[in-house]
Amino acid sequence: MKKVGKIFGYLLMGVLALFVAFNVMLFAQTKMNPGEIPSVFGYKFLTVLSGSMRPVIEPGDMIIVKDTPVKEMKKGDIVTFEHNGKLVTHRITSMKEDGGLSYQTKGDANPSKDPEMIKGDEMRGTYVARIPAFGLLMDKVTGIWGMIVLIGIPGLTLIIMEFITKRKNKKDRGSRPYPVES
């Protein structure tokens, strides 16, 4: 049972370390490139706020968007674009070449197409996957209190568990008689 607890503790510490490294990388990118969406190896992690893409993507989901050359985007792709200062994730319904590529988009749950064509330079990437409700969780843990709950409490628990284990091992060694040479 002790081994299972230690293995679990090490796994938890590993996951927390990866989470902290991931957040530090995103934080550094945000500070170095203000106004750009931070990415990890060309992948962006975004929280969905509206229901315009239901049932494929729900509000509160975290979506993963991959940097994709505009020329590779095609009809039917779900894309994220920045239009009028807002990030939007909708499906491409048609494309038009007019001195550059423009895209007609529509949210799956919306009754009509988006009012304006989206220019290629407004495209930010294509949808790869979603993590249901994870965006809500990430929004909660990105502040200082979230970090304390997500990292501080488990970390403190592991330190206390290690201290108790070492103390117990020390007591066990102290109660055994020392070997005597004869």
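Predicted model: local features only at pLDDT ≥ 70, side-chain atom pairs only at ≥ 80, totals over all residues.
Colleague: Which side chain does Arg124 meet in a salt bridge?

Modeller: Glu82, at 3.2 Å from N to O. Arg124 is in strand β7 and Glu82 in strand β3, so the pair ties together parts 42 residues apart in sequence. Glu82 is partly exposed as well, with a relative accessible area of 25%.

Colleague: How do β3 and β7 run, and how many bridges join them?

Modeller: Strand β3, residues 78-83, and strand β7, residues 123-131, run antiparallel and are joined by three bridges. Within that pairing, Phe81 stands opposite Met123 in β7.

Colleague: Back up a bit. What helices and strands does the chain have?

Modeller: The protein chain has three helices and seven strands. Along the sequence the pattern reads α-β-β-β-β-β-β-β-α-α.

Colleague: And in what order do the strands sit in the sheet?

Modeller: The sheet is open, with the order β1-β2-β7-β3-β4-β5-β6 and antiparallel pairing. β1 (43-47) and β6 (118-119) are at the edges with a single partner strand each, so one side of each has no neighbour in the sheet.

Colleague: How many bridges does β1 make with β2?

Modeller: Five, in the antiparallel sense. Phe45 has Ile64 in β2 as its bridge partner.

Colleague: Which residues of β1 are on the covered face and which on the uncovered one?

Modeller: Lys44 and Leu46 make up the covered face of β1, while Tyr43, Phe45 and Thr47 make up the uncovered one. In a regular strand, side chains alternate between the two faces of the sheet.

Colleague: A lysine on the covered face. Is Lys44 buried or exposed?

Modeller: Lys44 has 8% relative accessibility. The cut-off for buried is under 20%, so Lys44 counts as buried.

Colleague: What does Lys44 form a salt bridge with?

Modeller: Asp67, and the closest N and O atoms are 2.2 Å apart. Asp67 lies in the loop between β2 (62-66) and β3, and Lys44 lies in strand β1, so the pair ties together parts that are 23 residues apart in sequence. Asp67 itself is partly exposed, with a relative accessible area of 36%.

Colleague: How many salt bridges does the count come to?

Modeller: The count comes to six salt bridges. Another one of them joins Glu58 and Arg54, where the closest N and O atoms are 2.7 Å apart.

Colleague: What is the accessibility of Glu58 and of Arg54?

Modeller: Glu58 is partly exposed at 26% relative accessibility. Arg54 is partly exposed too, at 42%.

Colleague: How does the lining of the second largest pocket split by class?

Modeller: Five residues are nonpolar, four are polar and four are charged.

Colleague: Now the overall dimensions. What radius of gyration does the protein chain have?

Modeller: The protein chain has 25 Å, whereas a compact globule of 182 residues would be near 16 Å. Its C-alpha trace spans about 100 × 30 × 30 Å along the principal axes.

Colleague: What share of the residues counts as buried?

Modeller: Of the 182 residues of the protein chain, 29%.

Colleague: Last one. Where is Ser112?

Modeller: Ser112 is in the loop between β5 (101-106) and β6, and at 45% relative accessibility Ser112 counts as partly exposed.

Notes. Residues numbered from 1 in each chain as written. Heavy atoms only, no water. Pairing = 2+ DSSP bridges. Helix = DSSP H or I, 4+ residues; strand = E, 2+ residues; numbered from the N terminus. Salt bridge = Lys/Arg side-chain N within 4 Å of Asp/Glu carboxyl O. Buried < 20%, exposed > 50% of the residue type's maximum accessible area, 1.4 Å probe, protein only. Nonpolar A, V, L, I, M, F, W, Y, C, P; charged D, E, K, R; others polar. Rg over C-alpha atoms; globule rule 2.2 N^0.38 Å.
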